[in-house]
Amino acid sequence: MDNYVAHVRKIDGQKQTVQQHLLSVSDITGQLANKIGLKEAGELIGLLHDFGKYSQSFQNYIQSATGILNSDLDDDFVDINALKGKIDHSSAGAQWIWQQFSQRLNGVGALCAQIMALCIASHHSGLIDCLKPEGVDSFSDRMKKSDENTHLSECKLNADSLILTKATALADPHLLKNMFMQLQAVLRPEQHNQKISEKIKYFYLGFWTRLLFSCLIDADRIDSADFERPQNKKHRRNTPVNWSLAVDRVESFIDALKVRHKVDEIRRDISERCKAKASGTQGIYTLTVPTGGGKTYASLRFALHHAQAHGLDRVIYIVPYTTIIEQNAKAIRAVVEREGDDFPWVLEHHSNLEPEQQTWRSKLVAENWDSPIVLTTMVQFLETLFSGGTRGVRRMHQLTNSVIVFDEIQTLPINCTHLFCNALNFLATHTKTTAVLCTATQPLLHRLKNTEKGQLFIPVENELVHDVDRLFQQLERVKIKNKVRVNGWSEQEIAKLALDELNEKGSCLVIVNTKAWAQKLYEACTKKVEKGSIFHLSTSQCPAHRQIILAQVRSRLDHNLPVLCISTQLIEAGVDVDFASVIRFLAGLDSVAQAAGRCNRNGERDISEVHLLNPDQEPIDTLVDIKVGQEKIRRILDESADKDLLTPAVMEKYFDYYFYSRSAEMDYQLTEKQATRTDSLLNLLSDNPKNIISRQSAIPMLRQSFMTAGKAFKAIDAPTESVIVPYGEGRQLIIDLGDQENEFDVARYYTLLKKAQKFSVNVFPNVWRKLLDAHAVCEIKAGEGIYCLDKRYYSEAFGLSTEVVSQADFLSF
């Protein structure tokens with residue numbers, strides 16, 4: 001029926017009917033859910049997700065909001081501001097499914113119905129709590145919500161006959177039986193060659209539900225975006241990836257690489273081993289290679305060949321820092337992309353510019369990782385899996401039928417350990433996903449203390465290179481010099497050591513644990529070195545700024561010009577630089593090993609030195625990872641005084657100590673304020689054992705507190721705000737984003753936001769408050785949640801500051 005409106009296009013007033021929207025979302029959700037064997041379930045939840053829009057209350061609201069109804073002429077006109085968020089259009093479809101299925105298949109239908117109904121009921125808010133922490137069965141309450149408020153009966157009367165006919169046809173026993181068959185596989189008591197706990201089974205059940213939910217959210221967003229901008233469709237890939245083309249290009253690239261040093265021969269050997277393993281079965285693999293061993297190209301070679309062999313959809317690179325995204329994306333593009341390709345091969349997803357509370361604009365342009373090769377951060381990956389709302393979860397289904405390469409896996413946040421292991425085991429076992437854990441310092445994720453909470457299943461034969469010990473001996477290029485003192489090193493002493501190393505060896509990298517020390521040492525050394533030879537790096541600088549500095553550093557190193565670089569630890573995980581000397585502030589052994597990888601990287605010197613020292617003053621009480629790492633490396637230094645600290649055996653001992661001491665943190669502990677009691681995120685997303693409601697049933701039902709968990713989850717300890725800085729091109733991007741007025745151009749806005757990722761800085765709460773108090777940040781457009789920085793608070797040397805550091809006019813909107 002044409003008079004039932006789902007959306008109205010802003011640019012020309014064109015209407016999309018409810019029937020058109022439901023049929024389109026049904027089709028797309030079915031296609032996406034087919035990857036996890038749930039095509040019919042996907043079609044049904046897509047068909048009914050906005051069933052409540054057939055109510056007259058909703059129609060009065062949307063037609064008043066979009067100008068179809070006139071306040072002076074139409075009796076049905078309503079006050080949209082008074083009704084915003086108060087008209088329920090997501091419960092009707094959920095109740096329809098619950099009533100159809102909950103009594104079927106001897107109780108099994110109730111679980112299947114709950115999963116589908118939950119997806120529909122949650123499609124605007126993010127997955128709701130099945131059980132609230134205080135012991136309320138909120139899912140049952142939602143299914144019992146009065147017809148007066150959900151309008152289910154009215155919607156059944158008003159709905160287009162085609163929608164009702166198709167819904168009834170889909171809701172047949174075959175759909176339930178197929179869902180139940182999939183559930184039996186997910187809930188098998190023995191998986192990964194071992195018996196799994198009840199907790200893990202319930203986690204898998206919730207994770208499976210979230211995957212189906214992801215398909216619905218992405219389908220809804222795709223259809224809305226394509227209606228608002230029909231030309232979007234021609235930019236979407238609708239054919240399988242031609243991996244053979246990418247494989248040919250990577251092989252041509254490898255063949256053309258010159259062997260200049262012994263290190264190059266070893267890198268080529270590692271790459272060949274990865275290629276040889278690529279035809280193997282899907283699962284979880286490790287690539288344990290010393291720093292500088294060529295992991296980027298070796299893992300790319302494995303991933304492309306593996307994707308081709310198994311007919312996979314994409315390759316996803318997960319890296320710890322945005323700095324490495326820039327470097328790796330550039331390297332991968334040079335291998336696989338050519339001018340004239342139908343679609344770009346590589347997508348970079350940097351930061352969190354998408355606001356927490358999404359606006360209609362941000363929903364239209366949100367990134368959904370629909371590219372053959374995606375590079376993103378561990379923060380984005382974890383938020384896709386565990387955050388609340390609908391922003392991150394939209395991308396989750398893209399992780400299926402893929403190769404996921406984790407670069408520097410040792411940087412996984414300790415409190416996410418069990419969550420990560422369970423998620424990766426599920427993806428590898430149930431969704432045709434292969435994972436590769438790359439690092440020189442392999443954490444013991446397959447040997448955790450509390451196995452009932454989940455650990456990785458990695459077959460021994462799934463190490464991509466053999467004889468790891470021999471490989472480390474072949475690639476030995478540095479020695480660690482233990483210079484840790486009882487009373488520590490003063491600022492003057494550290495500066496003198498850095499300057500002495502620079503003068504003697506030509507280049508020196510100093511890696512510190514805090515931004516304060518980085519700035520202090522830079523200022524202490526800057527007047528004592530040749531102009532243009534000293535550099536500062538930290539996450540207070542936007543990625544574009546850091547990229548320019550790193551290019552200058554590399555150029556000077558390549559031309560044997562003096563370089564002194566003072567950096568936080570962002571430089572030590574995968575950044576391709578080669579210094580003659582490195583000074584590392586005391587940290588965990590994995591960080592020290594990564595720092596060593598920036599020294600004599602190409603083996604052009606016999607043996608270089610990494611000086612390990614401790615500053616006399618270093619406030620790191622809030623930096624728990626660094627503090628505990630320091631404690632454990634001190635124990636290693638005491639026990640292994642005469643041993644090479646960088647061998648796999650010593651690293652394994654370090655992780656044994658480190659993981660054992662932090663095992664209680666690995667399930668993501670929650671406070672009473674977060675969950676009404678001390679609990680864990682793992683509990684809330686699995687069997688919820690501390691909830692006072694107990695469900696005793698032969699058939700498991702969802703017990704999860706999804707929304708509570710989603711609100712509590714942060715991939716980093718403190719939530720950050722992202723702000724666009726007026727550095728270089730960033731100034732014009734801010735102006736252009738502010739110019740998006742009534743003639744909203746989806747494609748242009750999307751392009752601007754993608755570019756702005758490189759000119760944004762993530763800011764912790766304490767710094768954000770200072771910036772707000774100083775009126776140093778403002779919203780580019782009211783209500784959009786995208787912020788920019790006053791240029792006076794951005795330094796060419798240090799980046800973002802909480803104090804005025806330069807003179808410039810502030811952009812106002």
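Q: What is the relative accessible area of Lys-653, and what does that value say about the residue?

A: First, a caution: this is a predicted model. Lys-653 has a relative accessible area of 29%. Buried means under 20% and exposed means over 50%, so Lys-653 counts as partly exposed.

Q: Which residue meets the side chain of Lys-653 in a salt bridge?

A: Start with the general idea. Side chains of opposite charge can pair when their charged atoms come close. Here the partner of Lys-653 is Glu-639, at 4.0 Å from N to O. Which parts does the pair tie together? Lys-653 belongs to helix H26 (residues 648-661). Glu-639 belongs to helix H25 (residues 624-639). The pair therefore links parts that are 14 residues apart in sequence. Glu-639 is partly exposed as well, with a relative accessible area of 38%.

Q: How many salt bridges does the structure hold?

A: It holds 39. Check the surroundings of each pair you study. Take Asp-220 and Arg-221: their side chains meet in a salt bridge at 3.6 Å, N to O. Are these two residues buried or exposed? Both Asp-220 and Arg-221 are buried. Now take Glu-337 and Arg-333, whose closest N and O atoms are 3.6 Å apart in a salt bridge. Glu-337 counts as partly exposed because its relative accessibility is 21%. Arg-333 counts as partly exposed too, at 26%.

Q: Turning to sheets, what is the strand order in the open sheet of 4 strands?

A: The order is E20-E19-E22-E21, and the pairing is mixed. Read the ends of that order next. Strand E20 (760-763) and strand E21 (777-779) are at the edges. Each has a single partner strand, so one side of each has no neighbour in the sheet. From one strand to the next, the twist averages 40°.

Q: How many bridges join strand E19 to E20, and in which direction do the two strands run?

A: There are 4 bridges between E19 (residues 721-724) and E20, and the strands run antiparallel. Ser-722 has Asn-762 in E20 as its bridge partner.

Q: Which helix lies across E19, E20, E21 and strand E22?

A: Helix H32, residues 765-773. Strand E22 spans 787-789. To place the helix, compare directions: H32 runs at about 110° to E20.

Key
Residues are numbered from 1 along each chain as its sequence is written. This is a predicted model: local features need pLDDT of at least 70, side-chain atom pairs count only at pLDDT 80 or more; totals for chains, interfaces and linings use all residues. Side-chain values use heavy atoms; hydrogens and water are left out. Two strands pair if DSSP finds at least two bridges between them. Axes are lines fitted to C-alpha atoms, for helices over the stretch in contact, and angles run from 0 to 180 degrees between N-to-C directions. Contact means heavy atoms within 4.5 Å. Buried means under 20% relative accessible area, exposed over 50%, partly exposed in between (1.4 Å probe, protein chains only).
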